[in-house]
Amino acid sequence: MHTEREEQWRGELSALRAHDLWRELQVLQPAPERGPPAFMGTQGEPLLSFASNDYLGLSAEPALRDAAIAEIRQNGVGAGAAPLLGGERAAHAALVDALAGWLGAEAALLFGSGYLANLGVISTLVGRGDRVYADRLNHASLVDGVRLSGARLHRYRHGDMTHLAHWLERGGRGRAWIITDGVFSMDGDVAPLPELATLAQRHGAGIILDEAHACGVLGTEGQGTAAHWNMDIHGVDVIMGTLGKAFGVYGAFVAGSRDLVDLLRNRARSFLYHTALPSALAAAALVALDLLRHGDARRERLTQHRQHLRAQVPDAPWLVSETPIQGLLLGDARRALTVSARLRRAGLYCPAVRPPTVPAGSARLRITLSAAHRHEDIELLASALREVL
């Protein structure tokens with residue numbers, strides 16, 4: 001049986017290679033003279049990354065490093081327990097209070113990752129017999145959360161409010177939930193939250209909003225999608241945000257009403273049974289939040305980078321996103337790998353994104369910009385793209 005299993009595994013691995021879907025971990029070491037987004041590759045070659053979610057360039061910020069080191073010296077490295085069994089520290093409590101205040105929510109709760117947060121939220125709030133209306137391009141964690149809940153899933157065409165309205169008007173038993181990304185991770189477009197809120201109110205549906213790629217980037221003080229659309233945050237029932245992207249740290253949070261947070265703290269399995277975040281990460285995230293709230297200069301730099309790239313590659317119809325994420329659709333997985341390899345030879349790290357991360361036939365390069373990029377970095381990227389494409 002052992003041999004049979006291994007033969008099966010080898011067959012599956014061979015199929016991945018045959019379809020250009022083989023993946024390997026890439027070890028990148030921050031370049032000592034500069035740090036992210038400059039790295040050293042596996043052969044010591046210099047690489048400039050355009051693949052990071054470190055949108056504001058905070059991951060290497062000295063103030064975050066100092067806060068984490070000070071917390072480690074005082075409280076050690078690991079939390080050592082689940083949050084409800086002694087893993088909570090003062091840094092955690094200070095962070096959730098600050099996050100709630102930043103978003104104008106009543107309360108917030110920390111999770112180990114955005115994936116765990118989405119699984120916990122959806123499986124707690126949504127049950128069998130309920131109806132979920134989800135954008136077709138939602139993150140996998142949202143899809144998996146719905147599967148875990150046992151609810152009936154209706155996937156509407158990406159950003160198509162007419163299609164969503166059609167599903168909602170059909171109605172049905174159980175509670176109704178609309179679930180969407182705020183900024184879609186592969187294309188960088190922003191969800192039409194005002195229209196979603198209107199439909200939700202009309203049909204008595206709740207809204208769960210994944211702000212992983214919106215927090216820190218969109219709106220006043222980086223408050224995300226609702227602020228981008230000048231909306232009242234209370235039009236959204238649940239906000240999930242991550243600490244590993246614009247915050248430059250790791251972890252996630254859920255914000256909303258106090259009743260919501262109380263329920264999640266008592267019922268969400270991915271909170272109850274996970275070890276608390278190291279308090280050093282909470283201390284660093286608290287510093288990151290202050291920098292993020294006062295990060296207009298960083299957000300303006302992102303806008304300038306995006307505009308400059310668009311001006312340097314004027315015949316690129318794919319440079320349309322108003323966020324740091326620019327999706328260069330190439331279609332075929334092999335072509336995406338080829339283009340990625342050519343850019344790497346030019347010193348640029350832009351890995352190919354292939355199925356199942358994206359639908360079949362939509363392999364791409366997910367090019368992301370950071371406030372830590374320099375003007376000359378954008379020039380180098382534009383020059384390489386013009387040559388490769």
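1. In this predicted model, helices H4 and H9 are roughly perpendicular to each other, because their packing angle of about 100 degrees falls in the range of 65 to 115 that counts as such. H4 spans residues 114-125 and H9 residues 258-267, and their axes lie 10 Å apart.

2. The H4 side of this packing comprises Gly-120, Val-121, Thr-124 and Leu-125, which meet Leu-260, Leu-263, Leu-264 and Arg-267 of H9. By class, the contact has five nonpolar, two polar and one charged residues.

3. His-305 counts as buried because its relative accessible area is 7%, and the cut-off is under 20%. Beyond its neighbours within four places in sequence, His-305 is in contact with Leu-369, Ser-370, Ala-371, His-373, Arg-374, His-375 and Ile-378.

4. Ser-370, one of the residues in contact with His-305, is placed in the loop that runs between strand E14 (363-368) and helix H14 (375-388). Although it sits in a loop, Ser-370 is buried, with a relative accessible area of 7%. Its side chain reaches the backbone nitrogen of Ala-372 at 3.0 Å.

5. Which residues does Ser-370 contact, leaving aside its neighbours within four places in sequence? They are Asp-54, Tyr-55, Leu-56 and Gly-57, together with Leu-302 and His-305.

Note on methods
Residues are numbered from 1 along each chain as its sequence is written. This is a predicted model: local features need pLDDT of at least 70, side-chain atom pairs count only at pLDDT 80 or more; totals for chains, interfaces and linings use all residues. Side-chain values use heavy atoms; hydrogens and water are left out. Buried means under 20% relative accessible area, exposed over 50%, partly exposed in between (1.4 Å probe, protein chains only). Contact means heavy atoms within 4.5 Å. Helices (H or I, at least four residues) and strands (E, at least two) are DSSP runs, numbered from the N terminus. A polar contact is a pair of N or O atoms within 3.5 Å; within protein, one must be able to donate a hydrogen and the other to accept it, and residues adjacent in sequence count only if both atoms are side-chain atoms. Axes are lines fitted to C-alpha atoms, for helices over the stretch in contact, and angles run from 0 to 180 degrees between N-to-C directions. Angles under 35 degrees count as roughly parallel, over 145 as roughly antiparallel, 65 to 115 as roughly perpendicular and the rest as oblique. Ala, Val, Leu, Ile, Met, Phe, Trp, Tyr, Cys and Pro count as nonpolar, Asp, Glu, Lys and Arg as charged, and the others, Gly among them, as polar.
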